[in-house]
Amino acid sequence: MSRVDFRSTRFAMKAFFYFLRGETVAEKKGRGKIASLVEEIVREPVEQAGYLLWDVDYYKEGADFNLLVTIENPDREKPIDLDDCEKVSRLLSPLLDEAD
C-alpha cells in the first residue's frame, strides 16, 4: 500500500511516498541497508521519469515500518502535483514489490 503526503518548503513542493511494509522486511536487513538498497533501485527510474530523488528513509512508526521516498521537480519553480505523484508511485510500486 502506498500513501502520498505533500509538504511545502521554502523552495519547492516535494512529494513524500510512504510504502508500508510489515516487520518481516526489517528483520531480514537493517533499516539503513533497506533505505540504501531502495535508493539504488529507484534512483535511475525516478530520474528517467524526469524527477529528482531527494531522499529515501525507512523508519518505524508504531507497529509499522514505513518507507519514505521523496521526489522533487528539477525545475524548482514548478511544484510536484498529484499527477506527478501518481506517475512515480505507479513506477516505483512494481519495482519495490519485485525487490521485496
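Colleague: In what order do the elements of the chain run from the N terminus on?

Modeller: The model is predicted, and its chain holds three helices and four strands. Read from the N terminus on, these elements follow the order β-β-α-α-β-β-α.

Colleague: Which element gives the most residues to the largest nonpolar core?

Modeller: This core has 18 residues, and those touching the most other members are Val-38, Val-42, Val-46, Val-56, Leu-67 and Leu-92. Two or more residues come from each of α2 (31–48), β3 (52–61), β4 (64–72) and α3 (82–99). With five residues, the element that gives the most is α2.

Colleague: How is the one aromatic pair of the structure arranged, and what is the angle between the planes?

Modeller: The structure holds one aromatic pair, formed by Tyr-58 and Phe-65. Both Tyr-58 and Phe-65 are buried. Their rings lie 5.7 Å apart, centre to centre. The pair counts as stacked because planes under 30 degrees apart are classed in that way, and the angle here is 15°.

Colleague: Why is Asp-100 classed as partly exposed?

Modeller: Asp-100 is found in the segment after α3. A residue is called buried under 20% relative accessible area and exposed over 50%, with partly exposed in between. Asp-100 is therefore partly exposed, as its relative accessible area is 48%.

Colleague: What is the distance in space between Asp-100 and Val-38, C-alpha to C-alpha?

Modeller: Val-38 is among the core residues that touch the most other members, whereas Asp-100 is found in the segment after α3. The two are 62 residues apart in sequence. In space, C-alpha to C-alpha, Asp-100 and Val-38 are separated by 9.9 Å.

Colleague: What share of the contacts with a separation of 6 or more comes from residues 24 or more positions apart?

Modeller: The chain has 100 residues, of which 37% are buried. Among contacts with a separation of 6 or more, the share from residues 24 or more positions apart is 55%.

Key: Residues are numbered from 1 along each chain as its sequence is written. This is a predicted model: local features need pLDDT of at least 70, side-chain atom pairs count only at pLDDT 80 or more; totals for chains, interfaces and linings use all residues. Side-chain values use heavy atoms; hydrogens and water are left out. A nonpolar core is a set of buried Ala, Val, Leu, Ile, Met, Phe, Trp, Tyr and Cys residues joined through side-chain atoms within 4.5 Å. Buried means under 20% relative accessible area, exposed over 50%, partly exposed in between (1.4 Å probe, protein chains only). Rings of Phe, Tyr and Trp (its six-membered ring) pair if their centres lie within 6.5 Å; planes under 30 degrees apart count as stacked, over 60 as edge-to-face and the rest as tilted. Contact means heavy atoms within 4.5 Å.
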